[in-house]
Amino acid sequence: MAVLSKQDINERRKLPVTEAKNLVITPILDEEVFDEDSVDLRLGTYFLLPQIPPQPFVDPTSPGTSSQSYLRLHTPLGAYFVLPAHQTVLGATLEYIKLPFDISGQILTKSSVARMFMVIETAPWIHPLYRGCLTLEIANVSNTAIVLYPGMTIGQLVLLQTSVAEEPAKLSGTYVGPVYPEAPMLREPGERPPPQKRNLWLNARTEKTFRLPRTSPYCSECKGTGGRT
Amino acid sequence: MTDFDEYPPHLFRLQEQVAILKKDKWWDELKNVDVHYVQLLERVDSIKETDFTLSNFGPIDPTKVMAAFLTVVPLIFSELDTVTGGLGSGLNEWKILCPNIESYLERGIVPSNLLEKRGELKFQVPSLVPLLNSSYKFYVQCLDKLLNHIDGAEVRDIRCRSEWAMKVQMWTAKCDRRPQHTENERNWVDGRSFETGHQRAEETPGY
């Protein structure tokens, strides 16, 4: 399994999407995001903020757990999101990625971000044929709050050649298409998720939470209010 | 069917929409799309102006109201043309990019940067009108192609179709990186936030 170089990556990007070995990373605003062996990825604008459940635990087998325990937030470009000390949030990359059948990927925390004691990914492996924005399990493990700006470089994608011989006839729907962070969909092994639960954002019952409440201490638009009314 | 108690009725508005599509040459492309909306528009377009009648219009003679209205409509269009005269219809770009956009959507890829030519790192960024129209055409005509790529997706399952139609919508929305948005991102990449860039623009003399 070899790591793809910048040249390898660009050769793949030059292929049309109709070709099986095509690689897509979009949008690319600046070609300087390509290092010799990795691609810088940026923080997206949508977040899922874990909520404190009414009971003192989270039961992963309880129906509806994933869709009920997160607050959906949208922090537009130019605004910011404050992640308090020792808190977590699900985010997503701004970039949409399409991997070909013979390439795996791994997303790593940028060293500059890691040195602020922030972890962006605890399930870093990306399977071949994945297409979508990558969900980031962002954790602030430091003792101080950290300000997150959508659009900031937060991770780096390393691509690895695998020995898969040919493209499968069909794609697994599980890996196609997310553009928002995805909540966990815990289920029994082999069990297909019910269609209405495949994407939390499609079941938006509380769309108002796409934006932070005006009085939220996490919201840059509430400067001066201190999160109070 | 064409007797309305208020004017202009929806059918008349639709008729005007068809007229605009014809004027901008969009209709030549859309009329061949195999979807019932086209048949509806064709039916609406076949209604004559004189077929529209008014009722319950109080003591005013509805014939005179109709005549006045039909006199005013071209003047409104003329004013609109003055305001929007410099804007392109997006048709030519749509003709070029639509197959490529459909190709991306068919494979579950956000069509925000379209490869121009095989072997070259040059990408086209579709404008909003060609993007939305291509995406909608894909939705009404080609959703089956996408579903055929997905394991377990049932072409005839309405819930499945709805779910993937929503994804097409999300992928299209994800592309909505109009120049001002992209510029905001570039500002951020350059170390300037959107607010800073905005303030600078306002402070520029003559802005």
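Which elements of chain B cover the buried residues of helix 5?

The model is predicted: local features need pLDDT of at least 70, side-chain atom pairs count only at pLDDT 80 or more, and totals for chains, interfaces and linings use all residues. Residues are numbered from 1 along each chain as its sequence is written, while chains are lettered from A and ligands numbered from 1 in the order in which they are written.

**Chain B: two domains**

Select residues 3–84 of chain B as domain 1 and residues 91–176 as domain 2; such bounds come from an automatic or database domain assignment. The centres of the two domains, taken over C-alpha atoms, are separated by 31 Å. Six residues of domain 1 of chain B are in contact with four residues of domain 2 of chain B, contact being defined by C-beta atoms, placed from the backbone, that lie within 7 Å.

**Chain B: helix 5**

Next, select residues 91–106 of chain B, which form helix 5. Helices (H or I, at least four residues) and strands (E, at least two) are DSSP runs, numbered from the N terminus. Move along the helix to B:Leu97, where helix 5 bends by about 50°; the bend is the angle between axes fitted to the seven residues ending there and the seven starting there. A proline, B:Pro99, follows within four residues.

Now display B:Trp94, B:Leu97, B:Ile101, B:Tyr104, B:Leu105 and B:Glu106, the buried residues of helix 5. A residue is buried if 20 or more other C-beta atoms lie within 10 Å of its own, with C-beta atoms placed from the backbone. Their cover includes strand 3 (114–115), strand 4 (123–124), helix 6 (128–149) and helix 7 (158–174) of chain B. After helix 5, select B:Gly108, whose phi is positive, near 70°.

Turn to chain A, which contains three helices and 13 strands. Of its 229 residues, 34% are buried. Among contacts in chain A with a separation of 6 or more, 76% join residues 24 or more positions apart.

Within this chain, display the open sheet of four strands, ordered 2-12-7-9 with antiparallel pairing; two strands pair if DSSP finds at least two bridges between them. Strand 2 (39–42) and strand 9 (125–126) of chain A each have a single partner strand, so one side of each lacks a neighbour in the sheet. Finally, select strand 12 (residues 153–161) of chain A, which pairs with strand 2 in the antiparallel sense over four bridges. A:Thr153 in strand 12 is the bridge partner of A:Arg42.

Conventions. Two residues are in contact if their C-beta atoms, placed from the backbone, lie within 7 Å. The expected span of a helix is 1.5 Å times one less than its number of residues. A residue is buried if 20 or more other C-beta atoms lie within 10 Å of its own, exposed if 12 or fewer, and partly exposed in between; C-beta atoms are placed from the backbone.
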